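Q: Could you walk me through how to read a protein model, feature by feature? I would like the general idea each time, and then the case at hand.

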Amino acid sequence: MEIFINKLKHFFSKKSYFYTKFFIALFLLMLSFFAFANYAYIRANKPEPRPNPREVALARSRGVCQMSFSKDSRTIKHIKYIPTITNDDVQKAKDKKAKNKLAKLKRNFKKIDRKAEYPYKIRVNRMENFVTIMGINKKGQYKIPYKTFVCSTAKNKKETPLGSFQTNEKYRWHQMVDGSYAQYAIRIVGGFMLHSIPYYSQKSNSLETKEYNKLGSKASLGCVRMRIKAIKWIYDNCPEGTPVEVYNKRGEKPAIALPSIKKLDPKDKKSKWDPTDPHKKNPWK
């Protein structure tokens, strides 16, 4: 027993105690290093989650995912979903919005008092080159947007007068001041008229194609030009005395979307006709 106690005293002497602490600290340091290395290895080699095959197929069909593959390019390692809106989704939303807007407009159309002496008012935005037909309500107010048409006003804006007017004489064909001809001409005041795109002669197949392609911009000598479909509707539905308002309002958006107008190719034989002309010989029909 004494021998064992003497050995313990020797072991825990000052010199031995220093070495003991050193080796214990070294052991703990090495243990910590191996534990960290093992954690890093496990983290680096952690298997990627495998996606559901159905989800992969659906995601691929919609184009709303990114996938990474293994080296053999056969096995999917990872799939990442990207929140997007597809073109179909956008189109559906547009169609629904357009459908709701059309339904609202149709409800408004029923409110127009067509028994009134002048059921419509013609409003021309000289700045933005479009015409709005406003319907009258039961209270006698022109507050119901009914139709919109693309037009061309004067190159020199002063030549298209601003103000409130009324329609006067109507002409099926009319010769203009520059020698050209126009269909469905409606006089407003003096030489200021609403009419079709000019023609070289009093024939439906002599359209001035270059002038047609200027629709939507300032192009006339003062009158308001429109396509045949537009001006004919006004000619047929707006009696003499219909109120007309010409105004300037920059940036105004039409209450009803304007129809898109394709430019005509002057080399095309059909370009001598207004595509909206109801003439039975119109090649566009």
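Q: Let's begin with a single residue. In which strand does Tyr184 lie?

A: Happy to start there, and please keep in mind that this is a predicted model. Tyr184 belongs to strand β8, which covers residues 181-189.

Q: What is the phi value of Tyr184, and is the residue buried or exposed?

A: Phi of Tyr184 is near 50 degrees, a positive value in a residue other than glycine. For burial, the cut-off is under 20% relative accessible area. Tyr184 has 6% relative accessibility, so this residue counts as buried.

Q: Where does Asn129 lie, and what is its phi?

A: Asn129 sits in the loop that runs between β3 (120-125) and β4 (130-136). Its phi is near 60 degrees, again positive in a residue that is not glycine. With a relative accessible area of 4%, Asn129 is buried.

Q: Now the whole chain, please. How many helices and strands does the protein have?

A: Six helices and eleven strands make up its secondary structure. Of its 285 residues, 37% count as buried. The protein exposes about 19800 Å², and 56% of that area is supplied by carbon and sulfur atoms.

Q: What share of the contacts joins residues at least 24 apart?

A: The idea here is to set aside pairs that are close in sequence and then see how far apart the others are. Among contacts between residues at least 6 apart in sequence, 58% join residues at least 24 apart.

Q: Could you show me a residue with partners of that kind? Which residues is Glu169 in contact with, leaving aside its neighbours within four places in sequence?

A: Glu169 contacts Ala185, Ile186, Arg187 and Glu240, once those neighbours are left out. Take Glu240 from that list: its C-alpha atom is 6.8 Å from that of Glu169, although the two are 71 residues apart along the chain. As for its place, Glu169 is found in the loop between β6 (163-166) and β7 (170-175). A relative accessible area of 38% makes Glu169 partly exposed.

Q: Let's turn to charges. Why can charged side chains pair, and how many salt bridges are there?

A: Side chains of opposite charge can pair when their charged atoms come close. In this model the count comes to six salt bridges. One of them joins the side chains of Glu245 and Lys121, at 3.3 Å from N to O. That pair links distant parts of the chain, with Glu245 in strand β11 (residues 243-247) and Lys121 in strand β3, 124 residues apart.

Q: Which salt bridge do Arg123 and Glu245 form, in terms of N to O distance?

A: The side chains of Arg123 and Glu245 meet at 3.0 Å, N to O. Because Arg123 lies in strand β3 and Glu245 in strand β11, this pair ties together parts that are 122 residues apart in sequence.

Q: What about Lys214 and Glu211: what is the N to O distance of their salt bridge?

A: It is 3.1 Å between the two side chains. Lys214 is partly exposed, with a relative accessible area of 30%, whereas Glu211 is buried at 14%. To come back to the network idea, salt bridges that share partners join Lys121, Arg123 and Glu245 into one network.

Q: Finally, the surface. Which residues gather in a patch of positive charge?

A: To read a surface patch, look for side chains of one kind that group together. Lys157, Lys158, Lys218 and Arg250 gather in the positive patch. Among them, Lys218 is found in the loop between α5 (209-212) and β10 (224-226), and at 34% relative accessibility Lys218 counts as partly exposed.

Q: And which residues make the nonpolar surface patch?

A: Phe23, Leu26, Leu29, Met30, Phe33 and Phe34 make a nonpolar patch of about 660 Å². One of these, Phe33, has its place in helix α2, residues 14-44. The relative accessible area of Phe33 is 54%, so this side chain's residue is exposed.

Definitions and conventions:
Residues numbered from 1 in each chain as written. Predicted model: local features only at pLDDT ≥ 70, side-chain atom pairs only at ≥ 80, totals over all residues. Heavy atoms only, no water. Patch = residues over 30% accessible without salt bridge, like charges linked within 9 Å, V, L, I, M, F, W, Y side chains within 5 Å. Areas by Shrake-Rupley, 256 points an atom, 1.4 Å probe, with all protein chains shown as cover. Salt bridge = Lys/Arg side-chain N within 4 Å of Asp/Glu carboxyl O. Lys, Arg positive; Asp, Glu negative; His and termini not counted. Charge placed at Lys NZ, Arg CZ, Asp CG, Glu CD. Helix = DSSP H or I, 4+ residues; strand = E, 2+ residues; numbered from the N terminus. Buried < 20%, exposed > 50% of the residue type's maximum accessible area, 1.4 Å probe, protein only. Contact = heavy atoms within 4.5 Å.
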